[in-house]
Amino acid sequence: VAPDQLAEAWENRPLPIGEGQTISQPLVVARMCALLELRPGVRVLDVGTGSGYHAALLAHLVAPGGRVISVERHGSLARAAAARLASLGVDGVEVRLGDGALGAPDEAPFDAVNVAAAGREVPGELVAQLAPGGRLVAPVGEGEDQRLVLVRRSADGRHVERRALEPVRFVPLV
């Protein structure tokens, strides 16, 4: 967070990070990480790099041998997050500038997909990039009417199950 917000960094609430975006509240980040059921060596797509906080946690959870591709649409946030992750010595994260709703098809399939912005529905492109047995977590809805959604692809890759969970509030996926 910005230096003038350091005292607020320990509060369980979202904080602004620039470009009209926020860093998610810590308990929601923890819930999303838990739902992904990450383990060492897996590949993760992270949509909405923001400050890089969630990408750093994902990288820690998939180490050693795991990889996180994090996509951010705002150039200033992507550059700052990449620099921050490098300065902190966080390995295993590649920050890309682009439309996160399109994912990273050149790196697919992913064992897990984490989405940190709310769309009207889970983008089909992201579901298509989910590996057999993979999990995707995303906020779905608009304004105050959003829910965290868990998507699971069956082990054989032929079936996709979606389950709406608790209410959440995220910036829009645009």
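Q: Where does P109 lie, in a strand or in a loop?
A: In this predicted model, P109 is in the loop between β5 (93-97) and β6 (110-115).

Q: What makes the peptide bond that joins A108 and P109 cis?
A: Its omega is about 10°. Most peptide bonds are trans.

Q: Which omega goes with the cis peptide bond from A63 to P64, and where is P64?
A: Omega is near -5° for the bond from A63 to P64. P64 belongs to the loop between α2 (53-62) and β4 (67-72).

Q: Why is E19 called partly exposed?
A: Buried means under 20% relative accessible area and exposed means over 50%. E19 has 45% relative accessibility, so it counts as partly exposed. E19 sits in the loop between β1 (15-18) and β2 (21-23).

Q: What is stated about the phi of E19?
A: The phi of E19 is near 55°, which is positive, and E19 is not a glycine. Most residues other than glycine have a negative phi.

Q: Which residue follows α1, and what is its phi?
A: E37 follows α1, with a positive phi near 50°. E37 is placed in the loop between α1 (26-36) and β3 (43-47).

Q: Why is S51 called buried?
A: The cut-off for buried is under 20% relative accessible area. S51 has 13%, so it is buried. It lies in the loop between β3 and α2.

Q: What does S51 touch, leaving out residues up to four places away in sequence?
A: S51 touches I17, I23, A81 and R84.

Q: How do you know that a polar atom of the side chain of S51 makes a polar contact with the backbone nitrogen of Y53?
A: The two atoms are 3.3 Å apart. A polar contact needs a pair of N or O atoms within 3.5 Å, so this distance meets the cut-off.

Q: Which residues of α1 are buried?
A: They are V28, V29, M32, C33, L35 and L36.

Q: Why do the buried residues of α1 line one face of the helix?
A: Viewed down the axis of α1, these residues fall within an arc of 165°, so they line one face. They pack against α2, β6, β7 (130-142), β8 (145-153) and β9.

Q: What is the order of the strands in the open sheet, and what is the pairing?
A: The open sheet has seven strands in the order β5-β4-β3-β6-β7-β8-β9, with mixed pairing.

Q: Why are β5 and β9 said to stand at the edges?
A: Each of β5 and β9 (160-168) has a single partner strand, so one side of each has no neighbour in the sheet. From one strand to the next, the twist averages 15°.

Q: How do you know that β3 and β4 pair?
A: Two strands pair if there are at least two bridges between them. β3 and β4 have five bridges, in the parallel sense, so they meet the requirement. V71 in β4 is the bridge partner of V47.

Q: Which helix packs on the sheet, touching β4 and β5?
A: Helix α3 (residues 75-87) does, and its direction makes about 165° with that of β5.

Q: Which strands does α2 lie across?
A: α2 lies across β3, β4, β5 and β6, and runs at about 165° to β4.

Notes:
Residues numbered from 1 in each chain as written. Predicted model: local features only at pLDDT ≥ 70, side-chain atom pairs only at ≥ 80, totals over all residues. Heavy atoms only, no water. Helix = DSSP H or I, 4+ residues; strand = E, 2+ residues; numbered from the N terminus. Buried < 20%, exposed > 50% of the residue type's maximum accessible area, 1.4 Å probe, protein only. Axes fitted to C-alpha atoms, helices over the stretch in contact; angles between N-to-C directions. Contact = heavy atoms within 4.5 Å. Polar contact = N/O pair within 3.5 Å; in protein donor to acceptor, adjacent residues only side chain to side chain. Arc of directions from axis to C-beta.
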